[in-house]
Amino acid sequence: MSAYLATEDHGEDHDGRPASANSYRSPRQRLNRGRKDVGVIGQAGWSSSVINLLNTIVGAGVLAMPLALSRMGITLGVLVILWAGITAGFGLYLQTRCARYLERGSASFFALSQITYPNAAVIFDAAIAIKCFGVGVSYLIIIGDLMPGVIQGFSESAANIGFMVDRQFWVTAFMIIVIPLSFLRRLDSLKYTSVIALISIGYLVILVFAHFVKGDTMQGRGAIRVVRWESAVATLSSFPVIVFAYTCHQNMFSILNEINNNSHFRTTGVVIASIGIAAFIYILVAITGYLSFGNEVAGNIVGMYAPSISSTIGKAAIVVLVMFSYPLQVHPCRASVDAVLKCRLMKRSESPQSSPSRLASLPPGVKSGPSSRGDGMGETRFAAITTAIIVLSYIVAMTVSSLEKVLAYVGSTGSTSISFILPGLFYYKISSPDSPHHQRLMKEDDDEEDVPGSEDEGLLGGGGLKGGLWRKTLLRRLSLALAIYGCVVMVTCLITNTVFVVATH
């Protein structure tokens, strides 16, 4: 997102004319638009972008996949995992397309809402902030719940030391580690911690697969459902678990801003690689874990293994995973809070230059004061918002032992919004043939067709004038379908959560 990247003010060309995103460039320069566009040029590599996005996707929810399969059956469960990956990946792909309408390095949900639905910008970013904040708090709660058991697994005598089995102590201790990571401006700076988190995921996958191969859980294994499901209600209860397992869209714009080569080919590759690897992990854990315990499988499969050093290390791996995933939630939460505060200031201002309607009419690449700069969040503002998020999340994690019911509703609304509804609506609106932003981009794409070998040719793009128009029309219709699908998923999840909450009481 634009708030985390340092930029220099190149508001004018050498001859004094305003510098738009694509003004006064030769066809060869336009060919490399994805790499050398006006604005903030990122420094992140392709691999670090995949690592950070994959770490955002794959979390502790992977351990609940076998339970979802037990309720749906293997056939339907695998199909739902694949379908959820395709729809989530399409939402990410639409985000890469939407980013082309904005100045390089400034893509965000807030920036897009300013040129599509400016009156709803606050609602969009508030939903994202609440969702990311809730997930971050849940990570701290997981740390506090698991660490006492991890310590006792390594040393039974630790139970005699009071603070070693105190969840509040461990939440506080791990905050010392995550606080410095949360103050990093660039998502790319977290690539090394993301590697460690992915190593933890790798260990958990190997642990589940090894127990399946060893067959040490077969004695008490329940029945296996290959085609039949448990019931429609049970299937619907597990559907949100799988759909929300791919939620990573809150960090996609930051990745697009920071990647050094944001060509269509490279950014699509990031999406395909991240979603593909995540889907493979989910299916492998789901099938091997389910076949190990059958219908007796629980929500956390690691907790079902007999006490041993390997299972204790597995629990520690979950702690490491969520610990290094916490900063990945602070990053988009901070950006959304900053956007909400900016929008409120813009509404209070009487200057027409800072009104949302004026910002919405600006073409990509044209700046309008500090709010559109890549370094719009100053050091003091950055530190204040980050501190507020960390302190509030710490207080909630110390005082609340479970956010399951709250997160169920937050996930049903926030996750579906940022994964399906917003990407679909944004692209459908901004790619309208009547949109001035779309007409400008079409003009540049037409100019590029005279230059062979463009990397922007690929999935649903390029391929000649008639073919390009056909693909863009199809893409626009599919984006609307994704938004409608997101609304259906939201309603389904809300109804399912309400039914189960009532049932628990």
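Helices are here DSSP runs of type H or I with at least four residues, numbered from the N terminus. In this predicted model, Pro148 has its place in helix α7. Pro148 is buried, its relative accessible area of 10% falling under the 20% limit for that class. Between the C-alpha atoms of Pro148 and Ala159, 11 residues apart along the chain, the separation is 8.3 Å.

Helix α7, residues 121-154, also contains Phe154. With a relative accessible area of 48%, Phe154 is partly exposed. Together with Ile309 and Ile313, Phe154 makes a nonpolar surface patch of about 280 Å².

The side chain of Asp145 meets that of Arg167 in a salt bridge, with 3.5 Å from N to O. This pair links distant parts of the chain, since Arg167 lies in helix α8 (residues 167-182) and Asp145 in helix α7, 22 residues apart. The two partners fall into separate accessibility classes: Arg167 is buried at 18%, whereas Asp145 is partly exposed at 44%.

The count of salt bridges comes to 6. Asp338 takes part in a salt bridge with Lys342, where the closest N and O atoms are 3.4 Å apart. Both residues belong to helix α13 (residues 309-348) and stand 4 residues apart, about one turn of the helix. An α-helix has 3.6 residues a turn, so residues three or four places apart point the same way. Lys342 is buried, with a relative accessible area of 15%, and Asp338 is likewise buried, at 3%. Asp338 also meets the side chain of Arg381 in a salt bridge of 2.4 Å, N to O. Arg381 counts as partly exposed, at 26% relative accessibility. Elsewhere, a network of salt bridges links Arg186, Asp188 and Lys191.

The structure holds 11 aromatic pairs. One of them joins Phe109 and Phe426, a tilted pair with 6.3 Å centre to centre and 45° between the planes. Phe109 lies in helix α6 (residues 109-116) and Phe426 in helix α16 (residues 404-430), so that the pair links parts of the chain 317 residues apart. Phe209 and Phe212 are 3 residues apart in helix α9 (residues 191-214), a separation of about one helical turn. Phe209 is partly exposed at 38%, as is Phe212 at 26%. Returning to Phe109 and Phe426, one aromatic cluster unites these two with Tyr117, Phe124 and Phe253.

Helix α5 and the cysteines complete the account. Helix α5, residues 74-99, has 26 residues and reaches 38 Å from its first C-alpha to its last, close to the 38 Å expected at 1.5 Å a residue. Helix α5 is mostly covered, with 20 of its 26 residues buried. Cys98 counts as buried at 1% relative accessibility, and Cys248 is buried at 0%. The count of disulfides is 0.

Notes. Residues numbered from 1 in each chain as written. Predicted model: local features only at pLDDT ≥ 70, side-chain atom pairs only at ≥ 80, totals over all residues. Heavy atoms only, no water. Patch = residues over 30% accessible without salt bridge, like charges linked within 9 Å, V, L, I, M, F, W, Y side chains within 5 Å. Areas by Shrake-Rupley, 256 points an atom, 1.4 Å probe, with all protein chains shown as cover. Salt bridge = Lys/Arg side-chain N within 4 Å of Asp/Glu carboxyl O. Helix = DSSP H or I, 4+ residues; strand = E, 2+ residues; numbered from the N terminus. Buried < 20%, exposed > 50% of the residue type's maximum accessible area, 1.4 Å probe, protein only. Expected span 1.5 Å × (residues − 1). Disulfide = S-S within 2.5 Å. Phe/Tyr/Trp six-rings, centres within 6.5 Å; stacked < 30°, edge-to-face > 60°.
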